[in-house]
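This report describes one protein model for a reader who is new to it. It starts with the surroundings of the ligand and then turns to domains, core and backbone.

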Amino acid sequence: MTRRTLVAAAPAVLLAQGPSDELRVAFIGVGSRGSGLLAAMLKAKGARVIAIADLDEAHRNAAAARVSDAGQSKPALYADFRKMLDEHKEIDAVVIATPVDTHKMIAIATLEVGKNVYLEKPVALNPSECAQVEVAAKSAKGILQLGFQLRHDPARAASMAHLRSGALGKVIYLHAHRHTGDLPHTSDWYFDKKRSGDIIVEQACHIIDLMVWAAGGPPATAYGSGGINLLKDDPKGRSILDNYSVIYEWVDGKRFNFSQLYFDPPGFSGIKERVYAEKGAVDLATGTVYHLDKSPNTKLDFAPGDSTLLALEAFLDNARGKKLPLNNVTSARQSTLVAIMGRTSIYEKRVVKWSEIA
Ligand SMILES: NC(=O)c1ccc[n+]([C@@H]2O[C@H](COP(=O)([O-])OP(=O)(O)OC[C@H]3O[C@@H](n4cnc5c(N)ncnc54)[C@H](O)[C@@H]3O)[C@@H](O)[C@H]2O)c1
């Protein structure tokens, strides 16, 4: 942009940030993730949080205090999200951060009344629910953006742009692990696979989303194995895995080797997201390129930034302009289905084909 076009564009930029463009935002679910999203939303320009729904009164009140502390008026508080939507027709955009088994029902109800929706990942629990959300989104007045915020992370976005540029040749192999301690024992639903979709769908879908993005589409097959080797009945009734590995294969022979476990001693292995191409490999989380010709590693050029804030700013912009989000329902459904494909393989101890799931 020349100095002249920059000056010419200035009034439009100012207008875009003015009060007339302010979006009235509501939240449904302000537990752990919802309160993080709320804190980020309160930093984003051009949004005012006017209403909050959560079944838990303490969560509602804590969220309301956060809004007031940020200098905005106290939001209207509801236990019943439908009542909130009914009584506040002026709401422009809704952020949904509730347990996975409620995603389909809440997202569809919110899209049906014309709101722009930011729905936390994964899309839903199973292929049929995911399809229903996609159908609702495609005929909705508002936009639907999914909470795969890592696509907005500057290091990962720069890594992906570098891979797309072809500088390293074709992507040939992907490797990731998510080795951590157990989930916090604060929410019962995390540990119930019928409510969370199990850890590959509820947690690992972020990494799977990045790898499907890097690979350029979904794999043809998955084969996985997993179980509960340490955290049996911890917490009581636990039905989610505490470890698994899965290998995904694409028709061109690329494969993605992934493992997740919850008994990693602090500082031992952690989280890695690595993509290998013909001339080298990229560490997505740091934006570092390693070259097969043994030339020195290079750090990609990007400005640091908070992926959640960037994702919410993109959401507000997409909602204003009715633009297709980077994390749209089609890409997010595909990533959720790839996670479901891995889960099916682990549960049924067999190779699962993409054509069975999608
Ligand atoms: N994008 C990320 O990095 C990220 C990180 C963590 C969690 N998540 C996702 O965010 C969502 C919420 O996870 P969490 O860790 O915040 O869970 P949580 O248990 O801490 O919070 C869920 C909140 O939803 C409320 N709730 C449940 N059912 C409701 C309903 N019908 N109406 C209104 N409120 C309802 C609960 O009372 C609770 O306050 C999940 O989809 C999870 O996968 C995303």
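A residue is near a molecule if its C-beta atom, placed from the backbone, lies within 6 Å of it. By this rule 24 residues surround the ligand, and Gly29, Gly31, Ser32, Arg33 and Ser187 are the closest. The structure is a predicted model, in which local features need pLDDT of at least 70 and side-chain atom pairs count only at pLDDT 80 or more, while totals for chains, interfaces and linings use all residues. Residues are numbered from 1 along each chain as its sequence is written.

Helix H2 (residues 32-41) gives the largest share of the shell around the ligand, 3 residues. Helices (H or I, at least four residues) and strands (E, at least two) are DSSP runs, numbered from the N terminus. By type, the shell holds 8 nonpolar, 10 polar and 6 charged residues. Here Ala, Val, Leu, Ile, Met, Phe, Trp, Tyr, Cys and Pro count as nonpolar, Asp, Glu, Lys and Arg as charged, and the others, Gly among them, as polar.

**Domains**

The protein chain is assigned domain 1 (3-150) and domain 2 (152-305 + 331-357); such bounds come from an automatic or database domain assignment. Taken over C-alpha atoms, the centres of domain 1 and domain 2 are 27 Å apart. Their contact takes 18 residues from domain 1 and 23 residues from domain 2, where two residues are in contact if their C-beta atoms, placed from the backbone, lie within 7 Å. On the side of domain 1 that touches domain 2, the largest share, 3 residues, comes from H6. That side of domain 1 divides into 11 nonpolar, 4 polar and 3 charged residues.

**Core**

A nonpolar core is a set of buried Ala, Val, Leu, Ile, Met, Phe, Trp, Tyr and Cys residues joined through C-beta atoms within 7 Å. A residue is buried if 20 or more other C-beta atoms lie within 10 Å of its own, exposed if 12 or fewer, and partly exposed in between. The largest nonpolar core has 98 residues, of which Ala26, Ile96 and Met211 touch the most other members. Helix H10 (residues 205-215) supplies the largest share of this core, 9 residues. Both domain 1 and domain 2 contribute at least three residues each to this core. Apart from neighbours within four places in sequence, Ile96 has contacts that include Ile28, Gly29, Val117 and Leu119.

**Backbone**

Most residues other than glycine have a negative phi, and most peptide bonds are trans.

| Cis bond | Omega |
|---|---|
| Lys121 to Pro122 | about -15° |
| Asp234 to Pro235 | about 0° |

Pro122 lies in the loop between strand S5 (116-119) and helix H6 (127-138). Pro235 is in the loop between strand S8 (221-227) and strand S9 (243-249).

The loop between S8 and S9 also holds Asp233, whose phi is positive, near 55°. Is Asp233 buried or exposed? Asp233 counts as exposed because it has 10 C-beta neighbours inside 10 Å. Lys294 has a positive phi near 70° and sits in the loop between strand S13 (288-291) and strand S14 (298-299). Lys294 counts as exposed, with 7 C-beta neighbours inside 10 Å.

**Confidence**

The pLDDT of the protein chain averages 95, and 94% of the residues score at least 70. This score is the predictor's confidence in each residue, from 0 to 100.
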